[in-house]
Amino acid sequence: LAQMQLSTSSVPWKFVASVISWIFLALFTIRYTGGMYAWVTENRLEQPAYEVVKRLPGGVEVRRYQPYNVAEATLGADFKQATSDGFRLCAGYLFGKNMPRESVGFFRRPSARDVGEKMEMTAPVRQSLGPARSSAARSVKISFVMSKKRTIKSLPIPRDVKIQLRNVPAHYAAFTAFNGRPPTNKVIQKKRAQVLEALSATGGKVRPVNKAETLVYGYHDPFLVPNLLRRNEVGVLVVGSDLQEADASVTT
């Protein structure tokens with residue numbers, strides 16, 4: 001009789017365990033289905049135009065970028081905090097915290113009733129890291145690339161004074177790409193060292209413009225897109241005599 005009671009009482013628990021398993025499976029499916037959709041969607045976002053002019057050991061690419069415009073916030077907090085605050089500020093500008101240019105002038109001051117413009121999302125989210133002023137703090141610039149359809153003068157004015165609109169002139173940069181979660185400062189330094197090592201193999205024909213500056217580009221949403229698919233890049237601006245020669249035989 002005791003064995004029958006034990007067997008009977010275990011049935012509900014087996015049922016509960018089965019239901020929990022199905023719930024986890026459903027959540028996993030929803031999470032990765034949504035993540036895949038976000039990955040496909042974000043791969044179609046407008047990006048700055050560039051050409052690969054040279055390929056270096058370790059998968060490092062030297063690129064020639066065409067000019068483009070950005071909305072940028074410069075912060076001096078620690079890297080993680082600066083990234084979070086900068087993203088919030090730039091996203092706010094892109095999605096409506098701005099003013100039409102015609103609402104600002106000598107005879108007219110901006111009003112809270114002025115409706116901001118919601119603009120298209122682009123990629124990548126850019127981070128420019130300056131030299132560390134302490135063990136934690138450093139100058140960090142976070143910027144969103146503006147659509148090539150817009151000029152600086154046609155973009156709305158940011159409501160937050162921390163956001164600046166500027167043109168990024170044509171330039172060369174060397175990058176290494178990798179998948180995973182948004183990189184920590186430790187990972188960034190490791191990847192930067194790989195890029196510098198590849199550049200040193202050119203014998204100075206391609207070299208960093210500023211040894212203290214590091215570029216970090218993120219192409220996918222860090223929350224929706226699975227880390228396995230999320231693309232990151234770390235690099236530096238470069239110059240060199242080898243670049244003009246490479247331009248003659250551009251590969252993409």
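This is a predicted model: local features need pLDDT of at least 70, side-chain atom pairs count only at pLDDT 80 or more; totals for chains, interfaces and linings use all residues.
Visitor: Hi! How much space lies in the largest pocket?
Guide: Hello! The largest pocket holds about 830 Å³ of space.

Visitor: And which residues lie nearest its centre?
Guide: Those are Thr 83, Phe 87, Pro 182, Pro 222 and Arg 230, out of a lining of 29 residues.

Visitor: Which helix or strand gives the most to that lining?
Guide: Helix H2 does, with 6 residues. H2 covers 79-94, and strand E5 (125-132) and strand E11 (214-218) also each supply at least two residues.

Visitor: How many of the lining residues are nonpolar, polar and charged?
Guide: The lining of the largest pocket has 17 nonpolar, 8 polar and 4 charged residues.

Visitor: Let's stay with H2. Which of its residues are buried?
Guide: Quite a list! The buried residues of H2 are Phe 79, Ala 82, Asp 85, Gly 86, Leu 89, Cys 90, Ala 91, Gly 92, Tyr 93 and Leu 94.

Visitor: Now H3. What span should its 16 residues have?
Guide: Helix H3 runs over residues 185-200, and at 1.5 Å a residue it should span 22 Å. Its end C-alpha atoms are 22 Å apart, so the model agrees with that expectation.

Visitor: Which residues of H3 are buried, and which are exposed?
Guide: Buried in H3 are Ile 188, Lys 191, Arg 192, Val 195, Ala 198 and Leu 199. Seen down the helix axis, these buried residues fall within an arc of 115°, so they line one face of H3. On the other side of H3, Lys 186, Lys 190, Glu 197 and Ser 200 are exposed.

Visitor: Why would residues three or four places apart point the same way?
Guide: Because an α-helix has 3.6 residues a turn.

Visitor: New topic: how many aromatic pairs are there?
Guide: A search of the whole structure finds 5 aromatic pairs.

Visitor: Are they buried or exposed?
Guide: Buried means under 20% relative accessible area. Tyr 65 has 2%, so Tyr 65 counts as buried. Phe 175 has 1%, so Phe 175 is buried too.

Visitor: Which residues form the aromatic cluster?
Guide: Tyr 50, Tyr 65, Tyr 68, Phe 175 and Tyr 217 form one aromatic cluster.

Visitor: What about cavities? Which residues line the largest cavity?
Guide: The lining of the largest cavity is Gln 47, Pro 48, Tyr 50, Tyr 65, Pro 124, Tyr 217 and Tyr 219. That lining divides into 6 nonpolar residues, 1 polar and no charged. The volume of this cavity is about 30 Å³.

Visitor: Last one: where is Leu 228, and is it buried or exposed?
Guide: Leu 228 is in the loop between E11 and strand E12 (231-239). Exposed means over 50% relative accessible area, and Leu 228 has 70%, so Leu 228 is exposed. The C-alpha atoms of Leu 228 and Asn 179 are separated by 5.9 Å, although these residues are 49 residues apart along the chain.

Conventions: Residues are numbered from 1 along each chain as its sequence is written. Side-chain values use heavy atoms; hydrogens and water are left out. On a 1 Å grid over the protein atoms alone, a cavity is a set of points where a 1.4 Å probe fits but cannot get out, and a pocket is an open set with protein on both sides within 12 Å along at least five of seven lines; lining residues have an atom within 4 Å of a point. Grid points are joined across faces, edges and corners, and a volume is the space filled by probe spheres set on the points. Helices (H or I, at least four residues) and strands (E, at least two) are DSSP runs, numbered from the N terminus. Ala, Val, Leu, Ile, Met, Phe, Trp, Tyr, Cys and Pro count as nonpolar, Asp, Glu, Lys and Arg as charged, and the others, Gly among them, as polar. The expected span of a helix is 1.5 Å times one less than its number of residues. Buried means under 20% relative accessible area, exposed over 50%, partly exposed in between (1.4 Å probe, protein chains only). The arc is that of the directions from the helix axis to the C-beta atoms. Rings of Phe, Tyr and Trp (its six-membered ring) pair if their centres lie within 6.5 Å; planes under 30 degrees apart count as stacked, over 60 as edge-to-face and the rest as tilted.
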